[in-house]
4 protein chains.
Amino acid sequence: MGIWLVGAHGNVALCAVAGARALVRGLLPDEAGLVTAGPEFAGLDLAQVGDLVFGGHEVRAARAAEALGDFDRRNGLFPEGLRRRLGRDLARYDAEVRPGILRGAGPSVRDEASSSARRGPGTAAAAVARIRADLRSFRRRRGLDGVVVVNVASTEPANGPLPACTRSAAAFARALRSGSAERVPASVLYAWAAVEEGMPCVNFTPSPGCGVPAVLERALERGVPVMGRDGKTGETLLKTVLAPMFVARRLRVLSWEGYNMLGNRDGLVLDDPAARRGKVADKDGALRRILRDPETHTRVRIDYVPSLDDWKTAMDFVHFRGFLGARMSLTFTWQGCDSALAAPLVLDLARLADLAHRRGERGSLPWLAPFFKTPLGVEEQDFARQTEMLLAWAAAAVRETKPA
Amino acid sequence: MGIWLVGAHGNVALCAVAGARALVRGLLPDEAGLVTAGPEFAGLDLAQVGDLVFGGHEVRAARAAEALGDFDRRNGLFPEGLRRRLGRDLARYDAEVRPGILRGAGPSVRDEASSSARRGPGTAAAAVARIRADLRSFRRRRGLDGVVVVNVASTEPANGPLPACTRSAAAFARALRSGSAERVPASVLYAWAAVEEGMPCVNFTPSPGCGVPAVLERALERGVPVMGRDGKTGETLLKTVLAPMFVARRLRVLSWEGYNMLGNRDGLVLDDPAARRGKVADKDGALRRILRDPETHTRVRIDYVPSLDDWKTAMDFVHFRGFLGARMSLTFTWQGCDSALAAPLVLDLARLADLAHRRGERGSLPWLAPFFKTPLGVEEQDFARQTEMLLAWAAAAVRETKPA
Amino acid sequence: MGIWLVGAHGNVALCAVAGARALVRGLLPDEAGLVTAGPEFAGLDLAQVGDLVFGGHEVRAARAAEALGDFDRRNGLFPEGLRRRLGRDLARYDAEVRPGILRGAGPSVRDEASSSARRGPGTAAAAVARIRADLRSFRRRRGLDGVVVVNVASTEPANGPLPACTRSAAAFARALRSGSAERVPASVLYAWAAVEEGMPCVNFTPSPGCGVPAVLERALERGVPVMGRDGKTGETLLKTVLAPMFVARRLRVLSWEGYNMLGNRDGLVLDDPAARRGKVADKDGALRRILRDPETHTRVRIDYVPSLDDWKTAMDFVHFRGFLGARMSLTFTWQGCDSALAAPLVLDLARLADLAHRRGERGSLPWLAPFFKTPLGVEEQDFARQTEMLLAWAAAAVRETKPA
Amino acid sequence: MGIWLVGAHGNVALCAVAGARALVRGLLPDEAGLVTAGPEFAGLDLAQVGDLVFGGHEVRAARAAEALGDFDRRNGLFPEGLRRRLGRDLARYDAEVRPGILRGAGPSVRDEASSSARRGPGTAAAAVARIRADLRSFRRRRGLDGVVVVNVASTEPANGPLPACTRSAAAFARALRSGSAERVPASVLYAWAAVEEGMPCVNFTPSPGCGVPAVLERALERGVPVMGRDGKTGETLLKTVLAPMFVARRLRVLSWEGYNMLGNRDGLVLDDPAARRGKVADKDGALRRILRDPETHTRVRIDYVPSLDDWKTAMDFVHFRGFLGARMSLTFTWQGCDSALAAPLVLDLARLADLAHRRGERGSLPWLAPFFKTPLGVEEQDFARQTEMLLAWAAAAVRETKPA
């Protein structure tokens, strides 16, 4: 089975690839962080981690080994000895990386783009054609049964509403042909291309990607599963875990102020207000949909703090009122390595989407809700309930897998 | 319906009584903190808050109005104007308070005991008889359909194992008669008395109370519901909300250090290592049963910090490992008014236990698990799953309530 | 001695007036928070707290007793009984409050202004004349030896540079006469008026006030002490206490991110970016002047969180690098009642400025540096060193006070 | 100049030795954390870091390179490439390490002791003789002008009062001769031996060491400087920085609860209550001597949390009262690499003590106060004031150094 990573040399992709290979080679202490390594998933016919083959698109000129060395200098996790033992695996991965598409990217992404990415295909249709050719070539060359495309590229800025052609599959196909899809951002083109190739597509970012109606519709037509949006790895995870407690106890949240600091490329990209908008909306929406109290004051800030690099730090202040009008507070500080939190979820999602595809599921996969800040087609934001959905799916799938 | 509070002039009892009356008189901003005021319970035949009649046992000599004034000076919540408007309600409550039983109490409780409590009934059997008489008299005098006994007294010190006679109803009844139950602590005597009177009994403290086999067995025989142990209001609530997230994401918790500071009588009583032992075991057990990782290092400290009084502050440090061996951390600080958090749950539990009694339920009530640190007869410690149990019970009860 | 408060019914002014009177009447537990109550100041000829007479300007229509009741409902500190005992003192204070000047005020201040404040004097010169008349009348009517004017009004928005006429006393006097001072904000007019009346002037806010060259020059000419800017009561206090430690230990601060939440009128006014600019600059400048490391990343956010009201909460994250390149962190959370922190400093500053005046000091008073975020004419930002300056002044003044 | 480290293969010693060599070889980003690298010390005739020669005593059998590899696996800071480049330096250091003395060590130190340390010299006098021989041999063999002995060994348990013979130099010399000094712990024997050899001695631990009267007296007789006790690197540093602020503002500290978590050998040793006692007293004493308020409730906990290893985490809660009786709070969390914080101070202290020796200073050096939790012979605990003492000494020394 293949995993095609859009944003192939970004931190999340590198941690996923290098982590998977390190796991297979017995270089990690354990499978911590990998949800699908849990006993609830043991009976499923998931692709083995050792069988995963990686490739991807990348707009920058980079080498995985160097990028990982750079990551380690700033964040640790990949000491020299480990990198050395992964050398051949990383080189093989580099050989499967193709120039990415820049359409709709923000200024900081453009600044670092390679010359081949800058040249780009002339039109949206040409971009789709090239992506599809890259995907097909990867599948054929490596002899893969299935490929899952996962978008882990930088967040695209939200510059106004998306072009109307993204509202239906027919309109989108027409627009591609007629040259009127030129304002469609890359994330949508990747997703469309994946679906057209019959490959499941997962959007781990806040970009529109496979979440637009055109792609969703096409996925249903083609019998391909898709899912997104925006991996839930840190502060929002905590919010969707803690907020239901306040609801269950009928403690009224007066204010929930969330301050997120991060310093990696993601942080740099989000330093642009247009790019930040989508992310903030995702983070805030999850909370508000749980609390459902119009009087609650919420705020999400995402600040670029270069020295933190990949170590995302969130400081949240929750002010709430209980019985007798008592005003109380909860503060928390979360210090996590963003990519180490996200990478195993990328592996989980690819393995689960691949299995769902083989099981004949199509369109959005609501039982993958616990992995996302804004799960496609899912109202439920409570992490515990989302987890029950995932486990119920796994239990059902295990039952169906067992021979009679 | 009557609520009989063991520890009648303690902070929790006072906040429950004064809070209920303030609610009825429209003196509170809203019903925040009262779980049974939620829409999920709207269709149930619960006793109205306005119909609740309060009484209780107390080992100290106290007056509710004065105690509440004292509470307000140290903790706020009951300003003069509010106290004034509750004056008659509080006086009426005082009239229903009887001297409590000191058996098995710790030194700080003994030091403050009234002379009548100190005199006490001569034997355990006499104590049971007196408690029963007090309960019967309350029910009769106030013309109550049902009475629920809730223990909100100070934690009893755990001085070695409980007498063997608490292991079965028959042995206990025999021991009472033969005078060999003299080492049985008051919490058990109260619970036994309640059950013998056919009154549901809830243990909001870490004391043994209605959780000993003798009482549980008798409750089943008599068709009386009982439940405990130890209200889940703060740090343990957070632990049972957050720990499942680490499990669901397979993030390995390396260490979970919990520092609890409190300064009220509860804190003073818990400053005695023997009294603290039970509480620490309850708090730690809930966490360990969720994490199920023998390598996790956990610690619970409960420190007496007089200046905090009822404002319990918990500072927790969670160290965990994720993918790639990344070591990350979560810290939180919870600052809550202990009694304001506990009081509405006392009302909830009494209303629910009363309804369960009328519905014919008997013995421990596992669906009340989310209210307790160590729910009797329940393995599940995950707060979200416990909440599902509660809501499922409520939904079923609503369905049965509706006319065909 | 008189204290004239600009912003007479704001939280800080009310807490200063009511606090001083409560202290005199023996209604407070102690003099906590009042610096000049310390033993180092015992030998000085400071005005007695009991001899302080209060008056002020206010742009809103308000009554002290009601405003204090409102403050108590939202923040505590002034329970009904205390307010009752201060009733006459507060009424007497109200009788000394005059309509304030709106020139240069932000939108939220204008919205709440009383009709008399809205009408206002027609010109800047008329405003100065009216302020002077109010000050003179207060001094004469109450038979005061000295009056100190303290600005505790809402922060004025910084809309571009101040008019050029504020750059010298002569130019300012000319501009007033010629009608070309109409864009000068109220804080400067108050300060100019005070100095012209020979009254010391203290600027507790980030507004320009007595810090403009025109006023400073006039103060030197008239032999009047002035001081400012912006009381140092919370997060900035901590910054100027903690930052010197990093310098002394040569720990390099990589990032210092400060998140300030507050919900009172101050917070509402600061929700306007123009008003916030000055405050943020003051808070950030103090830190940067201590660290003197151009590579340090600093950020100050001030967010309006209505539910907090006067309870200002600051959460700071400090990321620093030590020996061997080790990256470490310090986070702190400060939860303080803003007005209770500021009010005693207002009394301190008035008492000290009055004494300095009597001692013949003029112009800015650098030894008052520890009270301000941006002390006029003082480079030193290190709180400990500023405190040494204050104590050295006090020691010298005590020596001079003692008879030979 | 030589630095002789008692506890030669402990984390602090290793970080000091490897750090100094890495600095000299240009392998560190900068001199962060090294106080004597500051401009205030530039004019002093301090030994160059490149001229420092290291040796020491160690009770375990260890190799520096391996120990450092082990440290890096658990704590980072010494990646493989860095260790490789320090290989020869570390081997040279190992060649200068001699078996240490176990007298008075706690159980966890004994458990890990090497066989040669276990055999030990038969008597206290023999131990002193061997230490002196080791020190002389180091000085002679490496041709050193001066040697400073720094104790960075594990804390010795405080088992009752020290033997009476430690109360004067004469009594101690007598006791050594007569065989009645057998209960004197190793830290004192090392210090005595150093002083007898005319070598300055610094006690970076809470053990008695050079702080006993016998050693202090001998140091004065021999003209040798000594200093201690217990390096101030983390929570206590913050306490002595923050507490003076509360005093300066007359904010009354009601409670100051300090929770220290650490997981290295130091933490393991301190898990023994007897060893912990001294450390807790040092940490608490510094705070209490600043606050001087008998009503302040203070608590210091030191908990062993293995997963943290060298990353010491302190969570402090400060409850204080200000004007109007307002109760406010400050909490902080400090996450520092203990050895990286301590190591540069070891280099600082050795360089400064060596210079003081050459300048003819003898006995305790009060101007080194800012480096210690309990500075010998110094009342002042305020870090800012202690720093002024250090800088004043440096300024004076610079003036004397300059040619006329």
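Of the 404 residues of chain A, 62% count as buried, where buried means that 20 or more other C-beta atoms, placed from the backbone, lie within 10 Å of the residue's own. A word on the source: this is a predicted model, in which local features need pLDDT of at least 70 and side-chain atom pairs count only at pLDDT 80 or more, while totals for chains, interfaces and linings use all residues. Residues are numbered from 1 along each chain as its sequence is written, and chains are lettered from A and ligands numbered from 1 in the order in which they are written.

Staying with chain A, the radius of gyration, taken over C-alpha atoms, is 21 Å. That agrees with a compact globule of 404 residues, which would have one near 22 Å, by the rule of 2.2 Å times the number of residues to the power 0.38. Chain A has 15 helices and 11 strands, which are DSSP runs numbered from the N terminus: H or I over at least four residues for helices, E over at least two for strands.

Now chain B. What is the strand order of its open sheet? The seven strands run β3-β2-β1-β4-β5-β6-β11, with parallel pairing; two strands pair if DSSP finds at least two bridges between them. β3 (97-99) and β11 (363-364) of chain B each have a single partner strand, so one side of each lacks a neighbour in the sheet. Further in, five bridges join β1 (residues 2-6) of chain B to β2 (residues 53-58) of chain B. Within these strands, B:W4 stands opposite B:G55.

Key:
Buried ≥ 20, exposed ≤ 12 C-beta atoms within 10 Å, placed from the backbone.
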